[in-house]
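Open the model in your viewer and keep the sequence alongside. The tour below moves from one selection to the next.

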Amino acid sequence: MPRWIIFFSSIFFFISSFITTIITTTNAYEIGTGIGDMTGPISEVTLFGYGDLFQTGQGLLQRIYARAYLVHDPSTHKRVVFVNTDTQSMGDIVKSRVVERLQALYGNDTYTVHNVMLSSTHTHSSMGGYLQYTLFEIAVKGWIEETTRPMIDGIVQAIVQAHERLETGTISLNSGELLDTNINRSPKAYLLNPPEERAQYQYDVDKTMTVLGFHTDHKDIGFASWFAVHGVSVNSTNRLINGDNKGYAAYSAEHQYNGQERLAGKGPFVAGFFQSNEGDVSPNTFGAYCSGTEIPCDGSFDTKCPGSSRCFGRGPGWEISDYESNRIIGQNQADMAIRLFKHASQVLDGPVDFRQKYWDITKEPITKIDGSKGKPCRAAIGYGFAAGTTDNPAIDGIYQNMTHGTFFWDTLKNIVKRPSKHQVECQAPKAVILDTGEMTLPYEWQPHILDVQLFRIGNFYIAAVPAEFTTMSGRRLRKAIKNKLIELGTGNDETTIVLSGPANGYASYVTTYEEYQMQRFEGGGTAYGPYTLTAYIQAFEDLATSIATGTSIDHTSETLPDLTGKAFNFVPGAWPDRPRVAKNFGDVIRDIKATQRDREIVTLYGKSGTTVSATFVAGNPRHDVKLEDTYLTVERKLPSGEWQVVRNDHDYDTRFRWRYTNRLLGQSEATVEWDIGRDIPAGIYRLGYFGHHKEFISRKIIPHYGYSSEFTVEGRLNEQDYYCCDSDENHSCYGTSSMFRYMHPFMGYHH
């Protein structure tokens with residue numbers, strides 16, 4: 001081969017390698033994931049979501065977590081961090097305080113309100129008290145620092161962990177159709193949308209799940225998924241804190257990737273299940289029926305239930321329990337997210353950018369359907385909202401699609417605050433039952449300054465919305481953002497937009513103009529009137545324009561008020577504790593008891609028909625929320641005689657229940673429960689309880705603990721050891737199999 005060919009080939013190879021290196025370096029991301037326990041008080045504080053003042057916590061089904069995803073572009077030094085929390089929504093003041101904490105750690109420029117996004121799963125089974133407006137504080141008896149402090153701690157920990165784990169990696173993108181997991185709970189309202197618009201979509205809810213995968217050179221570190229389904233699988237009779245179906249999905253997926261050897265909530269792989277446009281979307285996929293009957297219903301007067309029967313949706317496990325429905329819907333999401341994560345072929349590439357502003361929705365100029373000019377209304381709640389949903393009916397005698405009031409409730413409404421003539425006309429056809437936007441005592445009842453935010457990671461965009469968008473309103477917003485990006489030359493047909501929320505605050509619901517006319521629950525909760533969606537679309541088009549053109553929008557941002565200095569808190573303080581007579585804290589009251597189920601349930605460790613439990617002398621769990629710790633353990637005895645913790649209070653097959661036995665004397669008890677799956681290794685086990693009590697005189701908070709007696713579980717045998725009972729002097733062992741499950745009192749152990 002001639003030397004000149006060799007020479008030019010070498011030059012070409014060198015230049016190609018150099019260009020490839022430059023491109024790779026330019027487009028490489030630094031990524032990190034993190035998780036933080038944010039579980040607040042699990043007792044006596046009202047759960048937020050169903051609006052039931054008497055639905056106070058009495059224990060724990062699963063802990064609630066913050067899961068953080070950090071993306072940094074080294075070429076521009078821009079970064080975004082988006083966090084998913086197992087909460088009903090997100091407090092705007094919580095975000096402000098999180099940013100303050102981060103700036104104390106990393107300076108004022110690394111993390112700001114502009115590049116930090118806090119989203120929520122919209123579970124209705126976690127503690128409230130983190131929203132600063134009167135309407136939401138009344139629902140949980142106030143602004144509760146006991147809730148907000150651990151909430152902020154957990155979010156900050158998740159972000160700090162992601163920051164400290166930052167390393168070069170890639171982000172994959174995939175999406176797919178997930179069926180049998182969500183339905184539209186207001187299908188008649190959906191049908192009011194234009195036929196030509198509905199014809200563009202196969203379903204009346206979004207069935208698409210979108211997954212971002214986070215990969216470093218040597219391992220997978222997590223994924224973030226978006227799928228629309230309400231966090232109401234666990235109903236309003238529940239008293240145990242949990243993250244509902246998305247909380248379970250995260251638990252299941254992390255269990256699969258982190259392995260059985262790691263305790264729940266403790267592994268390096270982080271699986272986030274973000275919420276999307278779930279406003280009219282229910283996990284109760286079997287439909288709604290009048291309770292105690294097989295009569296279908298939809299919560300309207302037209303399908304009024306007979307007698308005292310009420311209209312409730314049924315989840316896929318309704319014949320067993322709402323916990324089983326929760327598991328099924330959560331597992332569906334986990335399985336699909338894992339499948340999409342494993343088979344993703346598209347890799348994100350391109351700049352990281354962000355825009356955010358505090359936006360006064362009531363000042364946004366809009367064009368009405370008749371061509372006239374106007375602005376969104378001041379906030380107000382309609383009768384349809386007061387009726388509740390098929391997921392949880394609210395006030396008896398009020399029904400969805402009511403566009404007129406009743407004498408009784410109108411009289412009460414007018415005593416509290418009679419809506420102005422302008423408000424009545426602006427909100428029409430909504431029949432206002434609570435004129436929140438014109439009420440100022442003791443302070444604002446609902447927000448009008450909202451946090452709106454748009455993130456860019458290459459050709460992928462996250463629109464953070466502070467409200468619950470219905471299916472079609474979410475579709476319209478996504479489409480508007482994409483069209484604006486394409487118009488300005490930044491987007492194309494491959495551009496992906498996801499809605500994430502409720503995020504950065506909470507401003508109730510957003511329907512389309514057409515859906516609003518029916519005034520079902522979602523329309524009654526669309527606080528700023530029939531043109532709420534129009535205003536949101538314009539605000540996000542402004543954000544998209546700012547990103548596409550590289551211009552600032554800071555000059556259009558309002559100042560977020562902080563009303564917490566005026567806030568009330570009617571939750572009584574935690575009393576001092578006293579043990580029972582002749583008992584100490586942590587002593588067993590009722591030792592190991594086995595209960596057989598009529599129908600088996602499914603756990604991550606096989607089917608279970610047996611639950612074991614033990615009850616202990618306890619203190620109020622409010623004394624210590626035990627962040628990154630546990631109220632309970634299931635422990636297995638090792639051949640050395642030491643005890644290995646195999647379960648904690650985040651495992652779905654355990655439950656921690658607490659109750660006062662004598663409130664006046666401050667006496668309470670805690671019960672630890674464990675569903676024994678068929679695949680649990682045979683062995684000797686015990687249940688552990690860990691709590692704190694407040695001394696009556698000194699008021700000191702003192703830890704205590706207790707253990708049940710040992711018991712034997714017979715089942716699957718490991719090859720390297722065996723467990724048996726001393727039935728005779730020869731120490732014979734029982735033959736066991738995964739199909740023959742039972743337990744009996746421990747008598748001995750030999751290896």
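Select helix H2 (residues 92–106) and helix H4 (residues 145–164): their axes come within 10 Å and cross at roughly 45°. Axes are lines fitted to C-alpha atoms, for helices over the stretch in contact, with angles from 0 to 180 degrees between N-to-C directions. H2 and H4 are therefore oblique to each other (under 35 degrees is roughly parallel, over 145 roughly antiparallel, 65 to 115 roughly perpendicular, the rest oblique).

This is a predicted model: local features need pLDDT of at least 70, side-chain atom pairs count only at pLDDT 80 or more, and totals for chains, interfaces and linings use all residues. Residues are numbered from 1 along each chain as its sequence is written, and side-chain values use heavy atoms, without hydrogens and water.

Show side chains where the helices meet. Val94, Arg97 and Leu102 are among the H2 residues there, and Met151, Ile155 and His163 among those of H4. Contact means heavy atoms within 4.5 Å.

Next, select strand S26 (residues 588–603) and strand S27 (residues 606–618). They pair in the antiparallel sense over nine bridges. Pairing requires at least two bridges found by DSSP. Helices (H or I, at least four residues) and strands (E, at least two) are DSSP runs, numbered from the N terminus. Pick Arg590: its bridge partner in S27 is Thr615. A hairpin of two residues joins S26 to S27.

Last, find the open four-stranded sheet, ordered S16-S21-S22-S24 with mixed pairing. Strand S16 (352–360) and strand S24 (496–500) are at the edges, each with a single partner strand, so one side of each has no neighbour in the sheet.
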